[in-house]
Amino acid sequence: MRSRLLSTLSGLLLALAATTLAVAPGAQAATPLDTAANALREGPVYVAPGAAAQLSAADAKALTKKIEDAGKPVFVAVLPKNADFPADGLLSTLRAKTGVTGLYAVRLGDGFNAGADPSVLPKQAVANLTASVKPAGGATDAATQLNSFVDDALEQSRGSAPASWDPGASNGSSVGGLITLGAVVAAGGAGAFALVRRNRQKRAAQERVALEKLRVVVDEDITAFGEALDRLDFHPGEPGADDAMRGDYEQALDAYEKAKSAMASAMKPDDVRGVTEALQDGRYSLAVLAARRTGGEIPARRPPCFFDPRHGPSTADATWAPPGGAVREVPVCAADAARLADGQDPMTRTVETADGRRPYWEAGPAYGPWAGGYYGGGILPGLLVGTMLGSMLSTPAYADTGAGGYDGGDFSGSDFNPGDFGGGGDFGGGGGFDGGGGGF
């Protein structure tokens with residue numbers, strides 16, 4: 001952690017110093033792309049002077065407010081198609097010059113493409129979002145295209161807005177940004193540390209909000225498991241009870257207490273994973289106990305029912321597809337297997353969202369740790385491919401346990417892998433973007 005912080009501070013100071021020198025007497029003049037990068041450090045939307053006819057000042061201001069209100073590291077640049085902004089390598093160059101981990105969308109003339117650091121949005125998700133806003137029959141106006149892209153991107157992107165953004169700053173102005181950056185450099189390491197600390201405090205606040213949202217769902221799960229224990233009507237000293245049964249019962253009780261304790265001490269959303277892992281262990285112990293009491297076969301250890309983990313361990317796999325999605329096999333309980341076989345909808349776990357109650361896989365990345373505890377071993381992204389939650393769980397950040405790397409909104413400078421940055425593919429009227437095989 002200390003080395004990462006020092007690296008972040010060092011990169012931040014070097015970048016800020018370079019920005020200040022760009023306007024110092026005798027220094028090399030900043031390029032148009034430098035100007036764009038400087039502006040994006042100060043706000044999420046930049047419209048180059050030569051592209052002002054594409055996106056009005058009012059539309060740019062509204063787009064800026066939308067992104068700032070969401071607090072996500074989403075950057076938008078509207079640029080003219082000329083020699084100042086060569087298409088080849090434009091995305092990765094803009095990302096390197098801006099130096100902030102995030103999702104970058106560029107409207108170059110009538111063409112459009114986007115790229116993202118994988119900790120913010122996986123490459124395939126970027127490609128899907130980009131394709132969804134490229135009209136089949138030709139160009140579309142910038143305001144419609146960019147707002148459509150940003151609306152979807154804000155729902156799916158991870159991380160928080162960079163601390164350098166000033167919500168009150170005007171769009172596209174680099175002068176105020178340069179003054180601010182110069183002041184930070186003059187303040188030295190203390191100013192840079194304050195900038196990084198502010199960013200981390202903002203992320204911590206967002207994590208607290210996400211945790212409270214999860215707490216409602218997890219508390220429902222814990223209560224449901226406690227009720228299952230109450231309905232069990234098992235007594236360790238009852239006739240026919242043996243040590244194996246008593247052991248199963250003790251394991252279920254221990255899992256219940258572990259889940260309650262883990263939730264009470266949870267400090268961030270990732271801590272919820274341990275709670276649902278404990279609940280899954282407890283439900284399996286109850287299933288084993290039930291089999292022993294009836295003389296049945298001990299069930300194999302399987303994931304919980306995909307549609308609602310409160311249904312208990314699954315008993316089979318069934319084919320299912322989300323609306324508009326591809327068919328895949330999911331683990332299901334006996335009741336949901338029967339419902340699917342009869343052509344009925346399964347009993348799906350829904351959670352509260354801004355659009356009302358929706359299935360958990362349509363509720364966004366906040367529910368990743370909750371679902372991950374139930375469906376460990378990396379199986380969940382495959383089950384949810386093509387859904388909002390699935391696109392987030394397929395990121396390297398989901399597989400990472402938290403060691404190293406930059407989160408969305410972190411200042412990383414040029415410390416990123418250009419090969420992982422992108423996903424837009426062909427765009428506009430043809431051609432490629434960043435190595436796609438042509439021009440914008």
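Which residues in α3 meet which residues in α6?

**Figure 1. Overview of the predicted chain.** This is a predicted model, in which local features need pLDDT of at least 70 and side-chain atom pairs count only at pLDDT 80 or more, whereas totals for chains, interfaces and linings use all residues. Residues are numbered from 1 along each chain as its sequence is written, and side-chain values use heavy atoms, with hydrogens and water left out. The chain holds 15 helices and 8 strands; these are DSSP runs numbered from the N terminus (helices: H or I, at least four residues; strands: E, at least two). Of its 440 residues, 47% count as buried, that is, under 20% relative accessible area with a 1.4 Å probe and protein chains only. Among contacts (heavy atoms within 4.5 Å) with a separation of 6 or more, 68% come from residues 24 or more positions apart.

**Figure 2. Confidence along the chain.** The mean pLDDT (the predictor's confidence in each residue, from 0 to 100) of the chain is 78, and 70% of the residues reach 70 or more. Confidence is highest in strand β1 (residues 45–47), with a mean of 97, and lowest in helix α15 (residues 396–399), with a mean of 41. The pLDDT is below 50 over residues 1–11, a stretch with 16 contacts in the model beyond near neighbours in sequence. Residues 426–440 also have pLDDT below 50, and this stretch has 41 such contacts.

**Figure 3. Packing of helix α3 with helix α6.** The axes of α3 (residues 57–70) and α6 (residues 142–156) lie 11 Å apart at an angle of about 0°; axes are lines fitted to C-alpha atoms, for helices over the stretch in contact, and angles run from 0 to 180 degrees between N-to-C directions. The two helices are therefore roughly parallel (angles under 35 degrees; over 145 counts as roughly antiparallel). From α3, D59, L63, K66, I67 and A70 meet A143, L146, N147, V150, D151 and L154 of α6. By class, this contact has 7 nonpolar, 1 polar and 3 charged residues (nonpolar: Ala, Val, Leu, Ile, Met, Phe, Trp, Tyr, Cys and Pro; charged: Asp, Glu, Lys and Arg; polar: the others, Gly among them).

**Figure 4. Packing of helix α9 with helix α10.** The axes of α9 (residues 243–264) and α10 (residues 272–294) come within 8 Å and cross at roughly 160°, and the two helices are therefore roughly antiparallel to each other. Residues making the contact include A252, A255 and A259 of α9, and A278, G282 and L286 of α10. The contact comprises 15 nonpolar, 3 polar and 4 charged residues.

Methods: Angles under 35 degrees count as roughly parallel, over 145 as roughly antiparallel, 65 to 115 as roughly perpendicular and the rest as oblique. Buried means under 20% relative accessible area, exposed over 50%, partly exposed in between (1.4 Å probe, protein chains only).
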